Amino acid sequence: MEVQFTAEQETRLGQIASVEGVAPARLVQDAALLLIEDDERFRAGVRKGIEQADQGMFIEEAEMDARVARMLGN
């Protein structure tokens, strides 16, 4: 697989890689793998939520508001 970057993007990647002490290709590969893992977790969470909704497992709006507030530190 090939990924094309602009010259500016390659320069930025090179700078970041230099600071991190890795090759630019390794930096891109690691970033792509993290993105894939995050996407897999997100999709699994969505599937779980859909399954729970299909089973009638819901929470009240007030409880959802409270959970969101806690997540946001409010």
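Start by selecting R26, which is partly exposed at a relative accessible area of 45%. The bands work like this: buried is under 20% relative accessible area, exposed is over 50%, and partly exposed lies in between (1.4 Å probe, protein chains only).

A word on what is on screen. This is a predicted model, where local features need pLDDT of at least 70, side-chain atom pairs count only at pLDDT 80 or more, and totals for chains, interfaces and linings use all residues. Residues are numbered from 1 along each chain as its sequence is written, and side-chain values use heavy atoms, with hydrogens and water left out.

The term means a side-chain nitrogen of Lys or Arg within 4 Å of a carboxyl oxygen of Asp or Glu. D30 is partly exposed, at 31% relative accessibility. Both residues sit in helix α2 (residues 24–54), four residues apart, about one turn of the helix. Helices are DSSP runs (H or I, at least four residues), numbered from the N terminus.

Stay in helix α2 and select D38 and R41, three residues apart. Their salt bridge has its closest N and O atoms 2.2 Å apart. D38 is partly exposed at 42%, whereas R41 is exposed at 53%.

Next, go to helix α3 (residues 61–71) and pick E63 and R67, four residues apart. Their side chains form a salt bridge at 3.0 Å, N to O. E63 is partly exposed at 33% relative accessibility. R67 is partly exposed too, at 38%.

How many salt bridges does the structure hold? Five.

Conventions. Helix = DSSP H or I, 4+ residues; strand = E, 2+ residues; numbered from the N terminus.
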